[in-house]
Amino acid sequence: MKLLLRLEQPTSGRVLLDGRDVFTLDGTAFREYRTKVQAVFQDPWSSLNPRMRVRDTIAEALVVNRPVSAAQAQARVDEVLQQVGLAPDAGGRYPHEFSGGQRQRIALASALASSPELIVLDEPVSALDVSIRAQVMNLLKDLQAQQPLAYLLVAHNLATVRYIAHRTAVMYLGKIVEYAPTASLFRAPRHPYTKALFAAALPANPDAPREDFVLAGEVPSPIDPPTGCAFHPRCPFAMADCARVAPVAREVDAGHLVSCHLY
Amino acid sequence: MSAGPVLLELRDLHAHLSTRWGVVRAVDGVSLTVREGETLGLVGESGCGKTMTALSILRLLPQPAGRIVAGQILLEGEDLVPKSERQMRRIRGRRISMILQDPQTSLNPVFSVGNQLVEALRVHRAGPRRRLRALAQEALRQVRVAAPAQRLRDFPHQMSGGMKQRVVGAIAVSGPPRVLIADEPTTALDVTIQLQYLTLLEEIQERTRLAMLFITHDFGIVARICDRVAVMYAGRIVESGPTRELFAAPRHPYTQALMAAVPRMDESVERLPAIDGQPPALQRLPPGCRFAPRCRHADDRCQREYPAVFAVGREHEAACWRAESSPSR
């Protein structure tokens, strides 16, 4: 996620936006990229500057990358505040006057200000209260329905993923182990790690079957990941090959990719 | 699990916090019971008073702001409210203990794990250092830490989050206590580690028959390990009942709305029914039902008068005027 936002440099490989490698961009092209890709972070208490009025926070996202007049900025601020469901007078207030859910709306408004193509959502609702989460998740869906907008959602809660994401990639120790349309993934998770994640997620239903597939051990250090398939030391289905050969992604169903020697 | 006698009972407990913005009625008339071998889930959103309830029980409210103003806390029938700090020190850790959310801040970073376990053991036990060391090792084994002898020499930063929370658990149950309060103990852990930890708590409970008050906002955890549930909103318990019944037929509109607003793992939903608005500030509570401003069913009476508690099933109660007129089955 940080690579995608160009906050870190890759050791190898590329990040392409509209077919262009984002790490080669500079000058105008880089500023253009900054307007096209925005982010909303997990904690709305630390992502907003407490000493800036909401209006200024939102406008800043707009003016730093593009020449915009004050009047244009103001108009855009009003527009995005309305889009995220905040009252027009919210712009004149400070972050501490808002609740967590409202702050996350403000963070979203400032991400939207520059009309991005992609918003990276890093655990956008996990710091919010249960009764507020649905409000914000519904808002995310509405915004996407209203405009051409791609989201990259980073989340650990499978129910959140199921509700928002069209496609899902499951990561383990820096690698994508399974990648599929969300419906297909939830219908039939294939990779043992994905299966373990599903088994570990606790459905809000006391009669849910307890398919206890409790993983032993903990996630190893990414500094010295296991050889072969990184999951093999914790995998109940590990075979001799798993410790030696890193599996390659195979298509097991339409658009459903799995990196595992079982498939 | 079959439940035994009541070990912990709160009777109409009120705890206030004095702040610059006025008196916060953080715990405003909470009554609950937890039996031996039973897990009661205390569910609610942040700021609803769950943690303040827990801190009241241990008499650890923030000082000097916090104060228990009324009610009783009965631990095996004995009221803790009038106890002195000195008396409480003999009770905490030994008869009742607590696991907090963040293992990172529960452990002291400059002492080894063994040191901290021995310190906890020494509060309630005399004995030569070597024997306490052996007990500490046994305590780590109880929480399924591999190679406990080596681990005793480790410092907290050398351990993963899940491992640290196990150490916190080992300290908490070393008393061994009759009542354990777990305040969101798995919130800081990864999902796969969370299930390991919950399973461990279940195991410990099975072995020691301790009564557990489990504070969480996660209905998935409740469904998994709680025998009964109490739902808290703005300082009060609005509904309580056996887990299965509460999930099958929630009666308070807040419980209903909350359950409906949580996305589900096991089905695909186009749109979640969100709850509008947000919980009221605890220093400016509305006179009537606290959920009324957000409730779809609220009428004049709800705005005026706080609802009485009605029995809506076996051991199932709801504080809602609508529960008065409509019998449960």
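Select B:Val191, which is partly exposed at a relative accessible area of 21%; partly exposed lies between buried (under 20% relative accessible area) and exposed (over 50%), computed with a 1.4 Å probe on protein chains only. This is a predicted model, in which local features need pLDDT of at least 70 and side-chain atom pairs count only at pLDDT 80 or more, while totals for chains, interfaces and linings use all residues. Residues are numbered from 1 along each chain as its sequence is written, chains are lettered from A and ligands numbered from 1 in the order in which they are written, and side-chain values use heavy atoms, without hydrogens and water.

B:Val191 belongs to helix α8 of chain B, residues 191-208. Helices (H or I, at least four residues) and strands (E, at least two) are DSSP runs, numbered from the N terminus. Show contacts (heavy atoms within 4.5 Å): leaving out residues up to four places away in sequence, B:Val191 touches A:Leu197 and A:Ala200.

Next, select strand β10 of chain B, residues 236-242, where seven of seven residues are buried. One bridge links B:Val231 with B:Glu239 in β10(B). Two residues separate β9(B) and β10(B) in a hairpin, and B:Ala234 in the turn has a positive phi of about 50°.

Finally, select strand β12 of chain B, residues 316-318, which pairs with β10(B) in the antiparallel sense over two bridges. Here B:Ser240 has B:Glu317 in β12(B) as its bridge partner.

Key: Pairing = 2+ DSSP bridges.
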